[in-house]
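This report goes through one protein model, from the chain as a whole down to single residues. Please keep the sequence and the structure in view while reading.

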Amino acid sequence: MRSFICSWMVQMIIPNDVFFSHILNEINDGKSVRIPSKGNSMLPLIRPEVDEIELSPISENSIQKGNILLAVINNNYYVIHRAEKISSEKITLRGDGNIKKREICPTDSVIAEVTCIYRGNKRVTKSSLIWKITRICWFKSPLLRRIYLGLYRRIRQK
(Lines give C-alpha, C1' and ligand atoms only; values in the text may rest on other atoms or scores of the structure.)
Protein backbone atom coordinates (compact mmCIF):
# COMPACT_ATOMS: atom_id res chain seq x y z
CA MET A 1 0.00 0.00 0.00
CA ARG A 2 1.39 3.40 -0.99
CA SER A 3 0.86 6.60 0.92
CA PHE A 4 1.45 10.12 -0.24
CA ILE A 5 1.24 13.65 1.04
CA CYS A 6 -0.84 16.18 -0.83
CA SER A 7 0.86 19.48 -1.43
CA TRP A 8 -2.45 21.30 -1.73
CA MET A 9 -5.16 22.11 0.75
CA VAL A 10 -8.86 22.43 0.20
CA GLN A 11 -10.36 25.50 1.79
CA MET A 12 -13.93 25.13 2.97
CA ILE A 13 -16.27 27.97 3.75
CA ILE A 14 -18.64 27.12 6.56
CA PRO A 15 -21.57 29.40 7.40
CA ASN A 16 -21.14 31.20 10.73
CA ASP A 17 -24.27 29.68 12.26
CA VAL A 18 -23.00 26.14 11.59
CA PHE A 19 -19.45 26.96 12.70
CA PHE A 20 -20.47 28.69 15.92
CA SER A 21 -23.11 26.12 16.83
CA HIS A 22 -20.30 23.55 16.96
CA ILE A 23 -18.12 25.97 18.97
CA LEU A 24 -20.98 26.60 21.41
CA ASN A 25 -21.53 22.88 21.92
CA GLU A 26 -17.86 22.38 22.80
CA ILE A 27 -17.78 25.38 25.14
CA ASN A 28 -21.02 24.31 26.83
CA ASP A 29 -19.35 20.93 27.45
CA GLY A 30 -16.59 22.78 29.33
CA LYS A 31 -13.95 22.44 26.61
CA SER A 32 -11.66 25.07 25.13
CA VAL A 33 -11.70 25.54 21.36
CA ARG A 34 -9.00 26.86 19.03
CA ILE A 35 -10.17 28.79 15.96
CA PRO A 36 -8.45 30.80 13.22
CA SER A 37 -8.61 34.58 13.48
CA LYS A 38 -10.29 36.75 10.88
CA GLY A 39 -10.70 40.48 10.51
CA ASN A 40 -8.56 43.43 11.58
CA SER A 41 -10.61 44.56 14.55
CA MET A 42 -8.22 43.18 17.19
CA LEU A 43 -4.95 44.41 15.67
CA PRO A 44 -2.21 44.59 16.84
CA LEU A 45 -2.69 41.86 19.47
CA ILE A 46 -4.53 39.39 17.22
CA ARG A 47 -3.38 39.24 13.61
CA PRO A 48 -5.94 38.12 11.01
CA GLU A 49 -5.44 34.80 9.23
CA VAL A 50 -2.07 34.36 11.00
CA ASP A 51 -3.00 33.83 14.63
CA GLU A 52 -5.31 31.28 16.17
CA ILE A 53 -7.51 32.10 19.15
CA GLU A 54 -8.29 29.82 22.08
CA LEU A 55 -11.83 30.27 23.37
CA SER A 56 -12.60 28.98 26.85
CA PRO A 57 -15.81 28.71 28.85
CA ILE A 58 -16.83 31.73 30.89
CA SER A 59 -15.63 31.73 34.50
CA GLU A 60 -16.53 34.05 37.35
CA ASN A 61 -13.53 36.25 36.40
CA SER A 62 -14.21 36.37 32.65
CA ILE A 63 -16.53 39.35 32.43
CA GLN A 64 -14.10 42.08 33.45
CA LYS A 65 -13.00 45.28 31.83
CA GLY A 66 -10.08 44.58 29.49
CA ASN A 67 -10.81 40.88 28.87
CA ILE A 68 -11.35 39.69 25.31
CA LEU A 69 -14.75 38.06 24.91
CA LEU A 70 -16.77 36.23 22.28
CA ALA A 71 -20.31 37.60 22.22
CA VAL A 72 -23.28 37.26 19.94
CA ILE A 73 -24.92 40.54 18.96
CA ASN A 74 -27.72 41.55 16.61
CA ASN A 75 -29.12 38.06 16.06
CA ASN A 76 -26.24 35.73 15.27
CA TYR A 77 -23.45 38.21 14.56
CA TYR A 78 -20.41 37.01 16.49
CA VAL A 79 -17.62 39.33 17.63
CA ILE A 80 -14.41 38.82 19.56
CA HIS A 81 -13.63 42.16 21.17
CA ARG A 82 -12.29 43.60 24.39
CA ALA A 83 -14.73 44.57 27.18
CA GLU A 84 -14.54 48.35 27.52
CA LYS A 85 -17.40 49.07 29.94
CA ILE A 86 -19.44 46.70 32.07
CA SER A 87 -22.68 47.29 33.93
CA SER A 88 -24.97 44.76 35.57
CA GLU A 89 -27.06 44.42 32.40
CA LYS A 90 -24.83 45.24 29.44
CA ILE A 91 -21.30 45.24 28.14
CA THR A 92 -19.65 47.65 25.73
CA LEU A 93 -17.17 45.85 23.48
CA ARG A 94 -14.50 47.43 21.31
CA GLY A 95 -11.90 45.89 19.07
CA ASP A 96 -8.31 47.01 19.68
CA GLY A 97 -8.08 47.89 15.99
CA ASN A 98 -11.33 49.88 15.96
CA ILE A 99 -11.05 53.61 16.28
CA LYS A 100 -14.69 54.49 16.94
CA LYS A 101 -16.91 51.46 16.50
CA ARG A 102 -18.30 49.75 19.60
CA GLU A 103 -20.86 47.04 20.21
CA ILE A 104 -23.26 46.98 23.13
CA CYS A 105 -24.78 43.68 24.18
CA PRO A 106 -26.50 42.14 27.20
CA THR A 107 -24.12 40.40 29.62
CA ASP A 108 -25.83 37.08 28.90
CA SER A 109 -24.75 37.36 25.23
CA VAL A 110 -21.15 36.60 26.20
CA ILE A 111 -20.35 33.05 25.13
CA ALA A 112 -16.63 32.58 25.81
CA GLU A 113 -13.41 34.27 26.76
CA VAL A 114 -10.21 34.40 24.72
CA THR A 115 -7.54 32.86 26.94
CA CYS A 116 -4.64 32.33 24.54
CA ILE A 117 -3.38 33.36 21.11
CA TYR A 118 -1.23 31.04 19.00
CA ARG A 119 1.38 32.46 16.61
CA GLY A 120 3.00 29.52 14.91
CA ASN A 121 4.89 27.79 17.72
CA LYS A 122 4.44 30.67 20.19
CA ARG A 123 1.68 31.03 22.77
CA VAL A 124 0.55 34.45 23.97
CA THR A 125 -1.35 33.89 27.21
CA LYS A 126 -3.28 36.24 29.47
CA SER A 127 -0.29 36.30 31.83
CA SER A 128 2.18 37.40 29.11
CA LEU A 129 3.64 40.90 29.06
CA ILE A 130 2.25 41.87 25.64
CA TRP A 131 -1.27 40.80 26.68
CA LYS A 132 -1.04 42.80 29.91
CA ILE A 133 0.29 45.88 28.12
CA THR A 134 -2.52 45.89 25.57
CA ARG A 135 -5.09 45.22 28.29
CA ILE A 136 -3.94 47.99 30.63
CA CYS A 137 -2.22 50.55 28.43
CA TRP A 138 -4.10 50.44 25.14
CA PHE A 139 -4.74 53.99 23.99
CA LYS A 140 -8.08 55.37 25.14
CA SER A 141 -7.77 58.39 22.85
CA PRO A 142 -9.15 57.81 19.34
CA LEU A 143 -6.42 60.08 17.92
CA LEU A 144 -3.54 58.16 19.54
CA ARG A 145 -5.17 54.86 18.57
CA ARG A 146 -5.51 56.04 14.95
CA ILE A 147 -1.86 57.17 14.82
CA TYR A 148 -0.57 53.93 16.34
CA LEU A 149 -2.70 51.71 14.08
CA GLY A 150 -1.68 53.70 11.00
CA LEU A 151 2.01 53.27 11.86
CA TYR A 152 1.51 49.58 12.67
CA ARG A 153 -0.23 48.85 9.37
CA ARG A 154 2.44 50.72 7.36
CA ILE A 155 5.25 48.83 9.09
CA ARG A 156 3.50 45.45 8.58
CA GLN A 157 3.03 46.10 4.82
CA LYS A 158 6.75 46.44 4.23
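## Basis of the model

This is a predicted model, in which local features need pLDDT of at least 70 and side-chain atom pairs count only at pLDDT 80 or more, while totals for chains, interfaces and linings use all residues. Residues are numbered from 1 along each chain as its sequence is written, and side-chain values use heavy atoms, with hydrogens and water left out.

## Overall layout

The protein chain has three helices and eight strands. Helices (H or I, at least four residues) and strands (E, at least two) are DSSP runs, numbered from the N terminus. From the N terminus on, the order of elements is α-β-β-β-β-β-β-β-β-α-α.

Along the principal axes, the C-alpha atoms of the protein chain fill a box of roughly 60 × 40 × 30 Å. Of the 158 residues in the chain, 40% are buried. Buried means under 20% relative accessible area, exposed means over 50%, and partly exposed is in between, with a 1.4 Å probe and protein chains only. Contact means heavy atoms within 4.5 Å. Among contacts between residues at least 6 apart in sequence, 50% join residues at least 24 apart.

## Helix H1

Helix H1 covers residues 16-28, 13 residues in total, and reaches 18 Å from its first C-alpha to its last, close to the 18 Å expected at 1.5 Å a residue. The expected span is 1.5 Å times one less than the number of residues in the helix.

The buried residues of H1 are Phe-20, Ile-23 and Ile-27. They lie on the same side of H1, because they cover an arc of only 55° around the axis. The arc is that of the directions from the helix axis to the C-beta atoms. The cover over these buried residues includes strands E1 (33-36), E2 (52-57), E3 (68-73), E4 (77-86) and E7 (110-119). Just after H1, Gly-30 takes a positive phi of about 85°.

## Helix H3

Helix H3 (residues 142-157) has 16 residues, and its first and last C-alpha atoms are 22 Å apart, close to the 22 Å expected at 1.5 Å a residue. Arg-145, Leu-149, Gly-150 and Tyr-152 are buried in H3. Seen down the axis of H3, its buried residues fall within an arc of 165°, so they line one face of the helix.

Strand E5 (90-94) is included in what covers the buried residues of H3. The face turned away from the buried side carries the exposed residues Leu-143, Arg-154 and Ile-155.

## The largest pocket

The largest pocket has a volume of about 860 Å³. Of the 27 residues that line it, the closest to its centre are Asn-16, Pro-36, Ser-37, Lys-38 and Gly-39. H1, E1 and E4 are the elements that give two or more residues to the lining, and E4 gives the most, with five residues. The lining divides into 15 nonpolar, eight polar and four charged residues.

On a 1 Å grid over the protein atoms alone, a pocket is an open set of points where a 1.4 Å probe fits, with protein on both sides within 12 Å along at least five of seven lines, and lining residues have an atom within 4 Å of a point. Grid points are joined across faces, edges and corners, and the volume is the space filled by probe spheres set on the points. Ala, Val, Leu, Ile, Met, Phe, Trp, Tyr, Cys and Pro count as nonpolar, Asp, Glu, Lys and Arg as charged, and the others, Gly among them, as polar.

## Backbone features between E1 and E2

Most residues other than glycine have a negative phi, and most peptide bonds are trans. A cis peptide bond joins Leu-43 and Pro-44, with omega about 5°, and Pro-44 is in the loop between E1 and E2. Glu-49 is also placed in the loop between E1 and E2. Glu-49 is not a glycine, yet has a positive phi of about 60°. Its relative accessible area is 67%, so Glu-49 is exposed.

## Two buried residues

Ser-62 is in the loop between E2 and E3 and counts as buried at 0% relative accessibility. Not counting residues up to four places away in sequence, Ser-62 touches Pro-57, Asn-67, Leu-69 and Glu-113.

Ile-111 lies in strand E7 and is buried, with a relative accessible area of 15%. Leaving aside neighbours within four places in sequence, Ile-111 is in contact with Leu-24, Ile-27, Ile-58, Leu-70, Ala-71, Val-72 and Tyr-78. The C-alpha atoms of Ile-111 and Leu-143, 32 residues apart along the chain, are separated by 31 Å.
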